[in-house]
Amino acid sequence: MGVLGHALAIVVPTGGMAIVAYLVVGLVIGIESMGVPLPGETTLIAAALLASQGHLRLEFVIGAAAAGAIIGDSIGYYIGRKAGRGLFERLGRRFHHFSEDRILRAEKYFQKYGVWTVFFGRFVALLRIFAGPMAGMLRMPYPQFLAANAGGGIAWATTIGIVAYNIGDNADRIFGQLSIWALVVLVLAAVAAYSYYKIRRKHRVVPEPVAQPESADV
């Protein structure tokens with residue numbers, strides 16, 4: 001099973017207590033999605049590895065992870081909506097994940113690509129933590145948030161679960177690298193979109209003022 005599987009087998013119990021394992025997966029991912037920096041993706045990968053060894057059912061692992069992501073993000077959304085920006089300022093004094101610079105960058109993503117940030121942010125470590133509270137703080141309409149949240153949570157849990165189940169102990173390292181590259185792609189996309197917007201604005205044709213007809217001499 002490898003070092004990762006053996007280490008987290010202690011945290012994620014199996015055998016006759018498999019139901020506890022699914023609850024642990026959902027709980028860790030749910031708390032992470034609320035804005036607390038926990039190893040949600042690592043927990044999902046560990047559970048998928050245990051499923052590949054026959055200790056858990058993969059479909060239940062994916063279901064628990066998706067449910068935890070959706071419920072946790074929704075709770076995070078309401079926390080952010082209720083507490084506002086002061087929540088992030090308080091967290092920033094305790095956790096480096098919530099530094100002022102990162103909050104400002106996350107705000108820019110949400111203002112430009114709100115729904116897509118929630119959906120694809122599930123695949124990026126930092127945005128996984130920010131998504132719910134940030135969307136609530138910025139007053140994103142909840143139906144839009146819920147649709148993106150559910151779609152992203154299900155897609156993320158299914159993708160990570162199935163791939164980890166099939167590729168084994170290298171999953172944690174591979175997904176860690178993918179998370180970094182996903183963040184790079186998001187940053188580049190934001191820069192490209194902003195540059196395009198500035199260029200369009202600069203070259204926008206300004207209509208010339210209409211000349212007033214000269215009054216005829218009487």
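Buried residues are those under 20% relative accessible area, exposed ones are over 50%, and partly exposed ones lie in between (1.4 Å probe, protein chains only). The model is predicted: local features need pLDDT of at least 70, side-chain atom pairs count only at pLDDT 80 or more, and totals for chains, interfaces and linings use all residues. Residues are numbered from 1 along each chain as its sequence is written, and side-chain values use heavy atoms, without hydrogens and water.

The chain holds nine helices and zero strands. Helices (H or I, at least four residues) and strands (E, at least two) are DSSP runs, numbered from the N terminus. Of the 218 residues, 39% are buried. Contacts are heavy atoms within 4.5 Å. Among contacts between residues at least 6 apart in sequence, 77% join residues at least 24 apart.

The largest nonpolar core has 24 residues. Such a core is a set of buried Ala, Val, Leu, Ile, Met, Phe, Trp, Tyr and Cys residues joined through side-chain atoms within 4.5 Å. Ile 29, Leu 44, Leu 56, Ala 65 and Trp 156 have the most contacts inside the largest core. Helix 2, helix 3 (40-52), helix 4 (58-83) and helix 8 (142-167) each supply at least two of its residues. Another core, of 13 residues, lies apart from it and includes Tyr 77, Val 118, Phe 130 and Met 134.

Ile 29 contacts Gly 40, Leu 44, Ala 65, Gly 68, Ala 69, Arg 122 and Trp 156, leaving aside neighbours within four places in sequence. Glu 32 lies in helix 2 (residues 18-33). Glu 32 counts as buried because its relative accessibility is 3%. Not counting residues up to four places away in sequence, Glu 32 touches Leu 38, Gly 40, Glu 41, Arg 128 and Ile 129.
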